[in-house]
Amino acid sequence: MELIRIRDLAVGYPGETPVVKGIELTIHERDYIGLIGPNGGGKTTFIRTLVGLLTPLAGRIEYSNGLKIGYLPQVKSIDRSFPLSVVDVVLSGLSARKGLFGRYGRRERLRASELLEETGIGRLTRRTVGELSGGELQRVLLCRALISDPQLLILDEPTTFVDNRFEKELYELLAELNRRMAILMVSHDLGTTSRYVKSIVCINRCFHYHPSNLITPEQLQEYDCPIQLISHGPVPHTVLSPHDGCNCCERHTPNSTPTNR
């Protein structure tokens with residue numbers, strides 16, 4: 001079943017040159033799409049357009065009837081000075097159905113509490129967002145995105161500010177959620193992301209859809225998509241391209257593949 005159909009879409013800000021144009025994408029139920037690309041390439045602009053925070057500059061987005069979207073924005077975009085409690089932030093994920101100042105019943109509050117427990121922050125229910133660490137706020141925003149039981153979950157850099165333990169738990173949770181909802185996730189960590197997603201989109205002022213979770217350095221170069229590849233092993237490390245005029249990288253890592261040129 002198609003959830004969203006995007007045709008010849010251009011995204012950006014009114015009166016300015018489009019940040020990305022020529023976007024063609026269809027999102028189906030239970031898709032799991034990893035969205036990669038460098039800072040400033042247009043990833044967040046595309047996401048904000050998809051969830052209705054920006055108006056398309058050209059083209060069209062067609063949504064399936066009654067589609068519910070859960071959205072986890074970047075933590076840095078949240079106003080921490082607003083005096084909302086953690087549970088109120090989670091319940092605000094129902095505002096499309098209840099209205100911004102809607103009243104929430106016992107069942108809805110119980111569901112909010114369950115989500116907070118599942119993400120390991122049930123003890124923070126009555127705190128305000130200004131009292132939270134970046135990782136704690138990220139978990140709260142994830143709960144807000146999930147409380148409406150969306151058919152499509154969109155996450156913009158969900159592992160930013162979270163500890164390694166929750167990052168692992170998050171990917172496991174997303175794998176489980178993908179059994180009943182589609183997921184579109186922005187990430188810089190292609191190495192980890194590619195272990196979980198089913199397809200990959202690269203945005204760097206242009207839009208490239210790759211119908212697989214396997215993507216080669218040559219394809220990244222073709223897409224003009226400079227991104228570090230995280231190689232998993234006994235010692236955490238980042239694989240970078242060899243330095244020009246230096247053979248030490250090849251000498252010490254004979255089986256490594258040059259990336260991030």
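Two aromatic pairs occur in this predicted model, where rings of Phe, Tyr and Trp (its six-membered ring) pair if their centres lie within 6.5 Å, planes under 30 degrees apart counting as stacked, over 60 as edge-to-face and the rest as tilted. The pair of phenylalanine 46 and phenylalanine 207 is edge-to-face, because the ring centres are 5.7 Å apart and the planes stand at 65°. This pair links distant parts of the chain, 161 residues apart: phenylalanine 46 belongs to helix 1 (residues 43-50) and phenylalanine 207 to strand 9 (residues 207-210). Helices (H or I, at least four residues) and strands (E, at least two) are DSSP runs, numbered from the N terminus. Phenylalanine 46 and phenylalanine 207 are both buried, that is, under 20% relative accessible area, with exposed meaning over 50% and partly exposed in between (1.4 Å probe, protein chains only).

Tyrosine 171 and tyrosine 196 form a stacked pair, with 4.8 Å centre to centre and 10° between the planes. Here too distant parts of the chain are linked, 25 residues apart: tyrosine 171 lies in helix 6 (residues 164-177), and tyrosine 196 in the loop between helix 7 (190-193) and strand 8 (199-203). Tyrosine 171 counts as buried because its relative accessibility is 2%, whereas tyrosine 196, at a relative accessible area of 24%, is partly exposed.

A nonpolar core is a set of buried Ala, Val, Leu, Ile, Met, Phe, Trp, Tyr and Cys residues joined through side-chain atoms within 4.5 Å. The largest such core has 42 residues, and those with the most contacts inside it are Val140, Leu153, Leu155, Leu174, Ile183 and Met185. Among the elements that each supply at least two of its residues are strand 3 (32-36), helix 4 (106-118), strand 6 (152-156) and strand 7 (182-186). Helix 5 gives the most to this core, namely seven residues. Beyond its neighbours within four places in sequence, leucine 174 is in contact (heavy atoms within 4.5 Å) with Tyr32, Leu153, Leu155, Ile183 and Met185. Another core, of 26 residues, lies apart from the largest one and includes Leu25, Ile27, Ile33 and Phe46.

Glutamate 157 is found in the loop between strand 6 and helix 6 and, at 11% relative accessibility, counts as buried.

Residues are numbered from 1 along each chain as its sequence is written, and side-chain values use heavy atoms, with hydrogens and water left out. In this predicted model, local features need pLDDT of at least 70 and side-chain atom pairs count only at pLDDT 80 or more, while totals for chains, interfaces and linings use all residues.
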